[in-house]
2 protein chains.
Amino acid sequence: MSHEAKLTELRERIGEILDLKRASALLQWDQQTMMPPNGNESRSDQLSTIERFSHELFVSDEIGALLGELEGAELDPESIDGALVRVTRRDWEKARKVPPELQAELTRAEVIGVMAWAEARRNSDFQAFLPHLEKNVELKRRYIECFKDSGKSDYDILLDDYQEGARSEEITAIFDRVKEVVIPLIREVHAAEQVDSSFAHGHFPVEKQELIGREILERLGYSSEAWRLDPTVHPFATSISVDDIRLTTRYSEADAESIFHTAHEFGHGIYEFGIDRALERTPLVELNSMVLHESQSRLWENLVCRSRPFWKFFFPRLQEVFPDQLAGVTDEMYWRHVNRVQPDFIRVEADEVTYGMHIILRYELEQEIIAGQLELRDLPGVWNERMKDYFGLDVPDDARGVLQDVHWSGGSFGYFPTYLLGTIASVQIWEKVRSELPDLDSQMEAGEFGALRDWLGERLYKWVRRFTPDEMLERVVGGPLDVEPYLAYLGSKVEAIYGVRV
Amino acid sequence: MSHEAKLTELRERIGEILDLKRASALLQWDQQTMMPPNGNESRSDQLSTIERFSHELFVSDEIGALLGELEGAELDPESIDGALVRVTRRDWEKARKVPPELQAELTRAEVIGVMAWAEARRNSDFQAFLPHLEKNVELKRRYIECFKDSGKSDYDILLDDYQEGARSEEITAIFDRVKEVVIPLIREVHAAEQVDSSFAHGHFPVEKQELIGREILERLGYSSEAWRLDPTVHPFATSISVDDIRLTTRYSEADAESIFHTAHEFGHGIYEFGIDRALERTPLVELNSMVLHESQSRLWENLVCRSRPFWKFFFPRLQEVFPDQLAGVTDEMYWRHVNRVQPDFIRVEADEVTYGMHIILRYELEQEIIAGQLELRDLPGVWNERMKDYFGLDVPDDARGVLQDVHWSGGSFGYFPTYLLGTIASVQIWEKVRSELPDLDSQMEAGEFGALRDWLGERLYKWVRRFTPDEMLERVVGGPLDVEPYLAYLGSKVEAIYGVRV
């Protein structure tokens with residue numbers, strides 16, 4: 001068989017596996033948005049069967065043999081085929097290390113854990129969730145055992161699933177620097193005159209929020225030819241193909257905050273929509289960097305949608321949609337409102353300044369959990385102590401405390417830090433964009449986002465996994481991750497809103 | 001391995017295959033209801049990959065060996081396990097006869113054919129569709145070749161995929177009898193005084209039709225715990241599990257006819273919802289009788305929703321929802337309207353009397369096509385001639401003629417007759433229900449459908465494939481298919497509405 005024929009064979013095999021993964025993505029999207037509740041039990045069977053088949057097909061000796069032969073073919077490492085072989089080899093080596101029985105147990109524990117968590121959170125009952133958490137941690141330890149020969153620390157083995165090559169040593173140094181600046185910043189803001197947000201709480205009907213949400217999305221780059229937007233409990237974005245992007249958002253009638261959930265998920269969606277079509281149906285469309293992915297959700301949510309020019313353009317329209325609720329409010333008042341800093345219990349509702357501390361708290365706890373330094377039954381108490389230390393808040397119940405996030409219930413340890421690292425990267429990327437698009441503010445003020453989208457698409461989105469995360473960031477911003485632009489950005493935002501200089 | 005262990009092994013293997021088929025059902029449902037249009041190309045890949053895997057997994061030697069061993073175990077043929085082995089053997093033998101390459105070609109031609117048909121129908125362009133039809137017919141001939149040793153005629157080989165054991169000789173005799181009665185009946189009605197339907201055409205907003213449609217569905221037995229209802233272009237029902245039933249319907253603002261599409265799909269849905277939970281995740285939940293399935297869509301659409309008692313209960317509510325449109329209309333007038341007989345071009349909008357002739361026309365043509373007696377390029381001309389003969393109508397264009405139905409574009413030859421056979425069976429079943437539930441009319445007049453649902457559930461729905469279609473009908477009505485109750489029903493309906501006695 002020629003190299004061409006072997007490449008075709010490899011592409012066909014991994015393309016089929018990707019088809020199965022996309023079917024799985026649809027089953028999951030449907031479960032969160034459309035499925036009648038009684039469909040849940042069968043849905044678990046369907047998902048675990050597809051997961052098992054795609055795993056079995058992937059770890060086959062045949063794929064290993066094809067990779068070996070293609071590695072001998074000396075493909076151009078810069079080419080798509082070169083990247084394809086490299087990336088597939090890496091995934092294959094990782095997947096082969098996990099015994100099928102453990103993989104099945106992990107999948108099963110994830111499904112059961114998430115269901116148990118949802119119930120426990122409803123009842124604010126940590127004890128009911130504890131055995132599932134224990135099970136997840138035990139399985140994660142067995143998972144770590146599979147990668148003991150990698151030379152990585154236990155926690156870094158988990159990190160690698162979300163951010164290829166990430167090292168907790170570096171992350172801890174970055175997060176310590178964040179704490180150094182942000183903890184005093186929160187105190188300063190607390191002592192300053194507060195922002196008037198009284199107009200932002202009232203009755204904001206869902207259908208009107210959806211209307212303005214869609215108008216904003218269409219300006220940003222959404223089109224119904226290739227996208228959907230649906231309501232759900234926990235907002236997420238997923239793609240069923242690069243031309244089938246599904247956003248979800250959450251509406252509360254008490255405020256118009258859904259706009260920010262929607263913009264956040266748009267950031268994820270536009271990344272996947274921007275992928276080079278030549279990579280479709282290969283593992284190159286899959287993510288190797290949640291940091292870069294989150295950099296885009298955070299960029300569109302915060303740097304675009306909480307900016308002064310954004311609201312200069314959109315506030316008049318928002319006021320048209322909510323004339324009674326926003327009577328007498330100016331675009332500047334609204335911009336101040338969406339940038340107020342307010343320590344609170346819930347991560348997903350946190351402002352830009354306090355957000356980082358939510359992540360750091362979780363990062364520290366999950367490191368201690370994996371290191372075996374923290375008994376799981378003590379988790380609520382420790383959580384509440386740290387919330388007091390970092391935010392000065394007394395957690396009223398576990399639903400608003402340790403049970404608020406889904407991640408640990410599904411065994412996702414090592415995911416949380418990518419949110420803050422992504423936020424840090426988003427500011428670096430933003431600075432780069434601004435230096436190359438000097439009139440970006442006036443474009444946004446005119447409701448134009450095309451140049452921004454194109455810039456990000458060319459520099460970042462289209463490449464996805466053709467480079468490692470570190471290489472990719474280097475290509476976009478010209479250097480490694482740097483926390484200082486992020487800290488400076490937070491400082492200047494706080495100064496603009498509160499007149500406080502730290 | 002004990003028989004128990006072998007049964008467990010068989011159940012697990014076929015359960016996984018069913019999981020894949022259910023994922024495929026969701027991908028298809030989504031394609032028709034939710035998917036952004038640009039997702040179509042990837043969706044074809046996803047569907048054909050899943051189809052291929054489920055076929056390959058099923059035709060494996062391992063399943064054959066398990067079946068052989070379990071057949072030696074002399075399971076009780078009346079038991080679920082006995083039925084499971086019998087049904088799986090039958091499906092396995094059929095599936096093994098079709099080479100994987102042909103199966104793949106059939107799937108591919110179906111996907112491409114349906115897309116080409118949709119475009120051709122939009123443009124009323126039969127020539128554009130012709131090559132796809134030719135391809136489908138050629139593939140069907142190759143498919144027939146695989147079953148030449150069955151002793152069946154070519155057309156009966158195709159029929160068997162939709163109605164296990166059906167024979168065209170018997171069907172032709174039944175349909176000839178229908179023609180004998182119905183063609184004169186249509187003429188008589190044509191000569192009689194027409195029903196006033198003027199009030200039924202106007203502006204009926206979709207959201208109000210959806211409101212009343214859901215109210216009706218909930219009375220019939222729909223609940224949001226286990227069902228969904230969504231709009232689509234071509235209404236259908238599907239199930240993602242026995243507890244996840246998806247109905248679709250079509251709304252036109254010019255009338256309130258969506259109620260009948262919805263009721264028709266409810267009939268399909270309630271059948272699948274009524275399946276014994278002990279059969280879930282086995283091939284026993286799959287259909288072997290489109291006749292019985294259609295008998296239920298037609299029963300709920302026609303015998304329930306076009307009945308006098310039904311409208312006594314629901315018309316006052318319909319009038320509340322559409323007070324201007326239905327001002328001065330009585331429940332009797334509305335009942336007459338929904339039972340008017342009106343020869344028209346479109347099968348899915350046909351009344352009960354003319355419906356059969358639409359089916360017979362298609363049945364005759366597809367028999368001639370498979371027998372090679374009809375050149376495909378002559379199809380539009382022949383279609384139009386028959387429409388003139390059977391209905392006295394001049395077909396204005398192919399979109400309203402030979403291109404109106406999707407079936408042939410997807411290679412479904414042999415499906416059409418099940419619609420009329422199902423309608424015939426529905427009247428037989430209805431007579432049996434009425435003899436055992438003598439107060440059914442007064443129940444329906446009170447909006448109560450629980451006893452009807454339970455009767456059908458116990459006698460028919462729960463068993464699905466535990467019996468052959470003929471055995472099943474025999475168990476429900478105590479005899480084979482009989483066309484006379486159907487013809488008598490049509491006669492008495494025409495007499496009641498038009499005062500015509502044939």
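Copies are superposed by least squares on the C-alpha atoms of residues with pLDDT of at least 70 in both. Keep that in mind for the exercises below.

This is a predicted model, in which local features need pLDDT of at least 70 and side-chain atom pairs count only at pLDDT 80 or more, while totals for chains, interfaces and linings use all residues. Residues are numbered from 1 along each chain as its sequence is written, chains are lettered from A in the order in which they are written, and side-chain values use heavy atoms, with hydrogens and water left out.

**Exercise 1. Find the rotation and the shift that superpose chain A on chain B.**

Step 1. Two copies of a chain are related by a rotation about an axis and a shift along it.

Step 2. Here the rotation is 180° and the shift along the axis is 0.0 Å, with an RMSD of 0.0 Å. That is the relation of a two-fold axis.

Step 3. Now look for the residue of chain A that comes closest to this axis: Ala23(A), whose C-alpha lies at 3.4 Å. Both copies use the same surface, since 100% of the contact residues of chain A (contact: heavy atoms within 4.5 Å) recur in chain B.

**Exercise 2. Describe the contact between chain A and chain B.**

Step 1. Count the residues: chain A gives 38 and chain B gives 38.

Step 2. Take the buried area, the accessible area (1.4 Å probe) that two parts lose on being put together, summed over both. For the two chains this is about 2,900 Å², with 58% on carbon and sulfur atoms.

**Exercise 3. Work out which residues of helix α13 of chain B are buried, and what they pack against.**

Step 1. Helices (H or I, at least four residues) and strands (E, at least two) are DSSP runs, numbered from the N terminus. Buried means under 20% relative accessible area, exposed over 50%, partly exposed in between (1.4 Å probe, protein chains only).

Step 2. In α13(B), residues 331-338, the buried ones are Tyr334(B), Trp335(B), His337(B) and Val338(B). Viewed down the helix axis, they fall within an arc of 160° (taken from the directions from the axis to the C-beta atoms), so they line one face of the helix.

Step 3. Their packing partners in chain B are α10 (258-273), α12 (308-321) and α20 (484-498).
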